[in-house]
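Trainee: I would like to take a close look at a single part of this protein, and I would be grateful for a careful walk through it.

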Amino acid sequence: MLLPAIVIGPALVGALLILVRTRLVAATAGWVGAVTVGLAAVASVVPAVGGATASTDFMLGAELGVTTSGPAAVILPVILAVAALVLLAATATTETREARFTGLMLLFTAAAALTVLATSLPTLLLGWEVMGAASYALIGYRYADRRRVGSGATAFLTTRAADLGLYLATAAALAGGTDLSLSSLASIEGGWRDVAAAGILVAALGKAAQLPFSFWLARAMDGPSPVSSLLHSAAMVALGGYLLLQVSPLLAATGWADDAAAWTGAATAVVLGAVALAQTDLKQLLAASTAAQLGFVVLAAGVGATSAGTAHLVAHAAVKALLFLAAGAWLEALGSKRLSTLTGAARRWPALGLLAAVALLSLAGMPPLALWATKDAVLAGSLEHSLALYVVGLLGSAMAAGYAVKALVILVSHQPDVAPHLDEEEPGTRTVSPRATFALVPLGLGAVALGLLAWPPVLESLPGDAPLAPAAWELAASTAVVVVVGALVASLVRRPSRADGRQRGVGARLVSWLHSWLGLEALVAAMVVRPVLRAADAAARLDDRVLARGVDLAAAVALRLAAATARLDDGFLARGVDRFSTGTLQAAHTTARGDAGLSATVSGVALGARRAGRLVRRSSASGQLHVYYLQLVAGVLLTAVVLTVILLVGSPR
């Protein structure tokens, strides 16, 4: 019962925080949320270490089941621990400790935990759908701001379109005759296995913000910073990559889906890394880097390096949660998250700056920090699969060094003589809450120490394949890439002409294109949104001008027919009915009179028969023989007459 309680407990508390409106709830909601998820995180260690499974019947051939086997044993405690720290940091801000906000975060966390623990497609869909709905409410939390609500809708509809792949996979599993468990998908026979793999691949790539779905992640940055920290570190986006790690055997069984996943992940690591490098907003930079780093996880799923992918996912969760919370703290303090405004912010608040610097160095892949080790474990698996994939992955690590060093150099630089444009987005408080900084300390330790997950003895103990340890030359090559690219980017960022973006010609257009996230949102708007809206407008015009007029015309005709029918009923039919009724009454009277006459006739016959009987009795008692003979002859004649009449009447004519 402990495993279901880990999911149900936060969900129930979250629902109560949303529904119950009292002063006590309003005053304590933030702390209640943090403690609830913290207790769930502690409780998750027992089933994660010992292994646990729970299930119940759902439908014929399928069940709702949860388990801590496989990558879930590592991912579940990480999600809950990160969520607890995020909620703790959120209590430092008035808006993000509200009961409604905390309740939504708890519902989202419970859905993410259910997604991780799912053993079957119905369970996965339940967690997946609730997680998506909660993310929409959280991104558009400031519902009075139309842009933020629109950003939530963009994120929701984009991922929702990709989510249809899970329903396609479920239909394919049913058609293929499996029991809908995730472990059985690789055994689907025939072409249905390819359909299932394609559906899951699309759904996972959409949720993980991989190409070509990446643009929704940029709009998701309009949500409160704790939302960005949780959604884009350990949950939501990360779970797209996690799903592919979980179904890696299915991808390999098709012979094509594994290559598709690997190349998509590698391409996203490079292209979204370049997008991150072109950003001038810290949260946008971190968002693009999230898609790029999850590209390594998708790459690991494609090449079968599931243990390395799991390690990278865990280390990335700690690093990115820290950086998003730091960005939110600076936004609250300075009223802006523009990089030019944040120049020297790490010096202004040294404790927060130190934690952010450690996380950025880990994000860059600087040895011996966490993401350096886990990323090289993924690259070792890709090298075993394909040299070309390894080269592209190494280029992606170069991009990571570039965007991380860019942010780091700006944050630790001396503050400019000219005062930055503060309070661009909201009024700044000019202070950073010690509570928020305290919540980041465990994440900072994770950014340093979680690289131990890539240490061969530990990596081999993780669920998944038999991992490949990177060779010495691979580690040297990775380190060289980080150092060279980091030094180059640092020198470029310090140049005012380049830092201010005063490029010309092709370079300026390229930077602008990358800054706009490849123009993917505009492309989707042109190719999908506007055509759909035009089709909707055309359908509305058809409805208003043709269908509605047709309905009005049919109604008018019906009314006229009804009026004509009423006149017919009141005139001809009513008179006919009256005449028929009158004739029927007259016939009834006539029948009654005839019935009376018939009754009189019957009475007369009976009277005559009675008199005849008396006469016969008198004649029978006379004692005279000739009278008897006459009676006998009369009887015979009467009988003959009756028989003759009967024969004549009954004979055919």
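Which residues in helix 12 meet which residues in helix 13?

Mentor: Before we turn to that pair, please keep in mind that this is a predicted model, and that the protein as a whole has 25 helices and 2 strands. From helix 12, the residues that take part are Asp258, Ala261, Ala262, Gly265, Ala266, Thr268, Ala269, Leu272, Gly273, Val275 and Ala276. From helix 13, their partners are Leu285, Ala288, Ser289, Ala291, Ala292, Gly295, Phe296, Val298, Leu299, Gly302 and Val303. Sorted by class, the residues of this contact are 15 nonpolar, 6 polar and 1 charged.

The geometry of the pair comes next. Helix 12 covers residues 257–277 and helix 13 covers residues 282–303, and the two pack with their axes 7 Å apart at an angle of about 160°. An angle over 145 degrees counts as roughly antiparallel, and helix 12 and helix 13 are therefore roughly antiparallel to each other. Their crossing is left-handed.

Helix 12 also has a contact with helix 7, which spans residues 191–207, and here the packing angle is about 15° while the axes lie 10 Å apart. Because angles under 35 degrees count as roughly parallel, helix 7 and helix 12 are described as roughly parallel to each other. The crossing of helix 7 and helix 12 is right-handed, whereas that of helix 12 and helix 13 is left-handed. On the helix 7 side the contact uses Ala197, Leu201 and Leu205, and on the helix 12 side it uses Ala257, Ala260, Ala261 and Thr264. By class, this contact has 6 nonpolar residues, 1 polar residue and no charged ones. If you look for Ala261 in both lists, you will find that this residue of helix 12 meets helix 7 and also takes part in the contact with helix 13.

Alanine 209 has a positive phi of about 55°, although it is not a glycine, and with a relative accessible area of 0% it is buried. The loop between helix 7 and helix 8 also holds proline 212, and a cis peptide bond, with omega about 0°, joins leucine 211 to this proline.

Another cis peptide bond runs from proline 367 to proline 368, with omega near 0°, and proline 368 is found in the loop between helix 16 and helix 17.

Helix 17, which covers residues 370–385, contains threonine 374, and this threonine is buried, with a relative accessible area of 1%. Once neighbours within four places in sequence are left aside, the residues in contact with threonine 374 are Ala308, Ala311, His312, Ala315, Leu450 and Ala454.

Apart from neighbours within four places in sequence, threonine 158 is in contact with Phe213, Phe215 and Trp216. From C-alpha to C-alpha, threonine 158 and phenylalanine 215 are 8.9 Å apart in space, although they are 57 residues apart in sequence. Valine 149 is also found in helix 6, but this valine is partly exposed, with a relative accessible area of 27%.

To set the part you asked about against the whole, buried residues make up 47% of the 653 residues in the protein. Among the contacts in the protein with a separation of 6 or more, 80% come from residues 24 or more positions apart.

Technical notes: Residues numbered from 1 in each chain as written. Predicted model: local features only at pLDDT ≥ 70, side-chain atom pairs only at ≥ 80, totals over all residues. Heavy atoms only, no water. Helix = DSSP H or I, 4+ residues; strand = E, 2+ residues; numbered from the N terminus. Buried < 20%, exposed > 50% of the residue type's maximum accessible area, 1.4 Å probe, protein only. Contact = heavy atoms within 4.5 Å. Axes fitted to C-alpha atoms, helices over the stretch in contact; angles between N-to-C directions. Parallel < 35°, antiparallel > 145°, perpendicular 65-115°, else oblique. Left-handed = near helix turned anticlockwise from the far one by under 90°. Nonpolar A, V, L, I, M, F, W, Y, C, P; charged D, E, K, R; others polar.
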